[in-house]
Amino acid sequence: MKATISSDSFAVASGVDSVVVELNRHDLSVIKTGSYGLAWLEPVLELEIDSVETTYRNVTPQAIESILKSRANKKHDLQIPNIETHSYYSTQQRLVFDDSGIKPPVTVPDCSLLDSVLNLSPTEIIDAIETSGLRGRGGAGFPAHIKWRTVATTESDQKYIVCNADEGDSGTFSDRMLMEADPFKLIVGMIITGYATGATEGYIYLRSEYPVALNFLQQAIDIAYRENLLGKNIRDSNIDFDLDIFVGAGAYICGEETSLLESLEGKRGEIRSKPPLPAIAGLLGKPTLVHNVISLASVPGIFQIGAAEYGALGVGRSTGTMPFQISGNVRQGGLIELPFGPTVRTLVENYGQGTLSGRPLRTVQIGGPLGAYLTEDELDTPLTYEHLMEIGAGIGHGGLVVFDDTVDMREQAEYAFEFCEIESCGKCTPCRIGSVRGKETVSQMRNKPGGDRIRLIEDLCDVMEKASLCQMGGMTPIPVRSAMQKFPEDFRGVKP
């Protein structure tokens, strides 16, 4: 009998380690995989006997014995249909997460795709990226090919690829899930990117709160060196590419690319003034391509299905697939990879199945802690860069956080300022001081709502948006304004 069980952070947080101990006690052959992304079902256990597979949800150590006894009639309270047929999973279109949950994270990949791509010229690869329409999946949505071509055409004796794996936005976990389920997808994406741009060294700047991802990444990199996927003359070519991991120190601001580069150089994580752009003078003053995990892990899929076919997915200039993540007060939280274009409502109601509390939904925040709050009427907005921009929102890293009607939007606005206060690098006054004054003013509205404080917050948001050095201060007004404008009753003391 073979037992396959997820071992990523979803499952670890749900007690999977104790389940594995119990499975071993019953002399089962245990295979650990990443997660399928159906987080509310973890730990998910798949048992195979005589080529017949049965799947179980929310498995505990105490349930193992009864599960094994139930195999005779195949009935158990925790039994569910196989994941591949589950409506949450089967309706997705997975290119980044196509292998996640299916195989162990450190399985040596089939290198045929990589070999075929490395037989192309760097120019052909960058042209394919342009044809695909790939845009950065970290939040800004900047066209990837422009960064690639800039690094490739900038003369230098050394160039770098830096993966921004400092995934700090609340409600986001796609980077972590990919690194814990299929780290080779990221490694192959970085190899292709390095070859296309002329970079021979790469770094993964990993969030310190991701010990499980660190473990799988390091194992995968060690295997990659052993299998000649990394190092000198990779895949018996004249291409060199080295890769290492750098663990951050828990600063949200280092998710901004120039702060990340400062930290990577051993300095305090503070914003750099631009220009020069990192693509021209980045790490150690050399041309550096900075992408987040999903941007780089999207590269293999482009060559897997073809650049034109990839560009045909989605809507308009929002091409390809996006791993959306849904969490908060929701019944079925997890990851959903789809081409751009489904509505927010589709994710919240069809995939998420509404609020966990069963109470009416009041708002969804999209784009992390600096993202906008949406009203119920705005849930029919298609998830594309352009459509969300029209309503003053953004996709960000693809995270959606659901709130029911008990949420106090004044408290959410206060939290936005407090978050900025704690995470600001402190380099510029609008962000450093504005966040503190904003938190104080919104806090005062708890007992004295409305009045001049609303106007004061609006003026403060104008200053932070226009005068902050980076998006940390510049985007903090987004959740504050959306909360005040769309839910004014919480700020004027008239909430029923």
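Does Lys 486 count as buried, partly exposed or exposed, and at what relative accessibility? At 23% relative accessibility, Lys 486 counts as partly exposed, where buried means under 20% relative accessible area, exposed over 50%, and partly exposed in between (1.4 Å probe, protein chains only).

The model is predicted: local features need pLDDT of at least 70, side-chain atom pairs count only at pLDDT 80 or more, and totals for chains, interfaces and linings use all residues. Residues are numbered from 1 along each chain as its sequence is written, and side-chain values use heavy atoms, with hydrogens and water left out.

The structure holds 37 salt bridges, a salt bridge being a side-chain nitrogen of Lys or Arg within 4 Å of a carboxyl oxygen of Asp or Glu. Lys 486 takes part in one of them with Glu 378, at 2.9 Å from N to O. This pair links distant parts of the chain, 108 residues apart: Glu 378 is in the loop between β15 (372–374) and α16, and Lys 486 is in helix α21 (residues 477–486). Helices (H or I, at least four residues) and strands (E, at least two) are DSSP runs, numbered from the N terminus. Glu 378 counts as buried at 16% relative accessibility.

In the salt bridge of Glu 411 with Arg 446, the closest N and O atoms are 4.0 Å apart. Glu 411 lies in helix α17 (residues 409–423) and Arg 446 in the loop between α18 (429–444) and α19 (452–467), so the pair ties together parts that are 35 residues apart in sequence. Glu 411 is partly exposed, with a relative accessible area of 37%, and Arg 446 counts as partly exposed at 49%. A salt bridge also joins the side chains of Glu 265 and Lys 267 (3.0 Å, N to O). Glu 265 is partly exposed at 21% relative accessibility, and Lys 267 is partly exposed at 45%. A network of salt bridges links Lys 147, Glu 256, Glu 257 and Lys 274.

Lys 274 is also joined to Pro 275 by a cis peptide bond, with omega of about -5°. Pro 275 lies in the loop between α11 (257–264) and β9 (288–292). Another cis peptide bond, with omega of about -10°, joins Glu 42 and Pro 43; Pro 43 is in the loop between β2 (29–33) and β3 (45–49). Most residues other than glycine have a negative phi, and most peptide bonds are trans. Asn 233, although not a glycine, has a positive phi of about 50°. Asn 233 is placed in the loop between α10 (211–226) and β8 (242–247) and counts as partly exposed at 40% relative accessibility. Asp 236 lies in the loop between α10 and β8 and has a positive phi of about 55°, although not a glycine. Asp 236 counts as exposed, at 75% relative accessibility.

Eleven aromatic pairs are found in a search of the whole structure. Rings of Phe, Tyr and Trp (its six-membered ring) pair if their centres lie within 6.5 Å; planes under 30 degrees apart count as stacked, over 60 as edge-to-face and the rest as tilted. The rings of Phe 340 and Tyr 385 have centres 5.3 Å apart and planes at 40°, so this pair is tilted. Phe 340 is in the loop between β13 (334–339) and α15 (344–351), whereas Tyr 385 is in helix α16 (residues 385–390), 45 residues apart. Both Phe 340 and Tyr 385 are buried. One aromatic cluster is formed by Trp 40, Tyr 88 and Tyr 351.

The domain assignment, which is automatic or from a database, gives domain 1 (2–90), domain 2 (112–311), domain 3 (313–404) and domain 4 (409–491). Six residues of domain 1 are in contact with eight residues of domain 3, contact meaning heavy atoms within 4.5 Å. Domain 1 and domain 3 bury about 520 Å² between them, 56% of it on carbon and sulfur atoms; buried area is the accessible area (1.4 Å probe) that two parts lose on being put together, summed over both. In domain 1, Gly 37, Trp 40 and Tyr 88 lose the most area to domain 3, together 83% of what that side buries.
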